[in-house]
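Please look over the model below before reading on.

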Amino acid sequence: GTQALAGAAWVLAMSLSVTSYPMADQPPVAGGGGGGAGSHAGGNQSPLPCRPRLSDGSVLQLMPRAADWLGGAAQQQQQGPATIVHADEFKSFGKRWVGPILYGGLGNMLFQLAALHVYCKAVTCSVVVGYFEHWNRKYPSFSPWGGHPAPFPGATLKHIFPQLRWMDIVPRVTPGDVLNDYAFALRQPDEYIPLPSSQKLPILIHGYFFSQQYWHHERNFVL
């Protein structure tokens with residue numbers, strides 16, 4: 001309803017902030033990856049959760065536009081790249097793709113999507129967005145909308161952001177396919193760790209990407 005739209009509009013607006021601070025009330029994620037550069041899934045460390053902080057009152061000007069996006073989401077569903085509905089369509093991307101391991105609610109996912117779209121623009125690959133069947137899917141934070149209620153019944157990120165290359169299928173992946181450095185190897189919430197070489201494609205990445213160095217230089221492209 002109206003409250004859900006207003007809340008989503010607020011996180012869309014505040015996601016453009018470039019500062020953040022630790023949040024202690026986020027539940028830890030079990031079974032995640034160990035620290036250290038190049039580490040993959042495994043171990044029992046918890047990520048460093050964060051909540052964006054408004055650094056400039058001017059971002060509130062974005063709220064009406066964000067509400068408009070959400071209000072017209074159902075009509076926009078068919079725009080943008082076609083939704084992937086068969087495994088063969090997913091395989092057709094070959095090795096030139098990156099998939100985010102979506103984690104948390106809309107606010108967290110905005111950072112993930114912004115960072116990986118900027119990365120793929122630089123290395124010329126596709127961002128394939130959806131939910132993969134992986135080791136942590138049993139935890140609510142890895143479920144659609146991070147376990148929170150959807151903005152409206154049946155809503156996906158494709159409804160709200162029609163330009164996403166969205167999957168309706170749920171491909172299975174093994175723990176070794178997921179790169180966790182950008183969630184578990186952080187020493188501070190907004191630390192910047194460079195994304196891997198394109199030679200490592202395809203990659204499934206679990207991370208937060210709160211640092212402005214991932215996306216701010218391509219702000220117009222992201223918007």
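Are Y103 and Y208 buried or exposed? Both Y103 and Y208 are buried. This is a predicted model. Its sheet is open and has five strands, in the order β5-β4-β3-β7-β6. Across the whole structure, a search finds 12 aromatic pairs.

**Aromatic contacts**

- A pair of aromatic rings is described by the distance of the centres and the angle of the planes.
- For Y103 and Y208, the ring centres are 5.7 Å apart and the planes meet at 85°. The pair is therefore edge-to-face, since an angle over 60 degrees counts as such.
- Ring pairs join Y103 and Y208 to F111, F142, F210 and W215 in one cluster.
- K121 has its charged end over the ring of F221, 4.8 Å from the ring centre.

**Sheet layout**

- Strands of a sheet pair through backbone hydrogen bonds, either parallel or antiparallel. Here the pairing is parallel.
- β5 and β6 (178-179) stand at the edges. Each has a single partner strand, so one side of each lacks a neighbour in the sheet.
- β3 and β4 run parallel and are joined by two bridges. W97 stands opposite S126 in β4.
- Between these strands, the chain crosses from β3 through α5 to β4. This β-α-β crossover is right-handed.
- β4 is also joined by two bridges to β5 (residues 165-166), again in parallel. V129 has W166 in β5 as its bridge partner.
- β3 and β7 pair in the parallel sense over three bridges. Here G99 stands opposite L204 in β7.

**Side chains of β4**

- Which way do the residues of β4 point? S126 and V128 point one way, while V127 and V129 point the other way.
- All four of these residues, S126, V127, V128 and V129, are buried.

**Backbone to check**

- A cis peptide bond joins L201 and P202, with omega about -5°. P202 sits in the loop between α7 (181-184) and β7 (203-205).
- W145 is not a glycine, yet its phi is positive, at about 60°. The residue is found in the loop between β4 (126-129) and α6 (157-160).
- Why does W145 count as buried? Its relative accessibility is 8%, and the cut-off for buried is under 20%.
- F209 is another residue other than glycine with a positive phi, near 60°. F209 lies in the loop between β7 and α8 (219-222).
- F209 has a relative accessible area of 2%, so this residue is buried too.

**Points to carry forward**

- β4 has bridges to β3 and to β5.

Conventions
Residues numbered from 1 in each chain as written. Predicted model: local features only at pLDDT ≥ 70, side-chain atom pairs only at ≥ 80, totals over all residues. Heavy atoms only, no water. Helix = DSSP H or I, 4+ residues; strand = E, 2+ residues; numbered from the N terminus. Buried < 20%, exposed > 50% of the residue type's maximum accessible area, 1.4 Å probe, protein only. Phe/Tyr/Trp six-rings, centres within 6.5 Å; stacked < 30°, edge-to-face > 60°. Lys NZ or Arg CZ within 6 Å of the ring centre and 35° of its normal. Pairing = 2+ DSSP bridges. Right-handed = clockwise from strand over helix to strand, strands pointing away.
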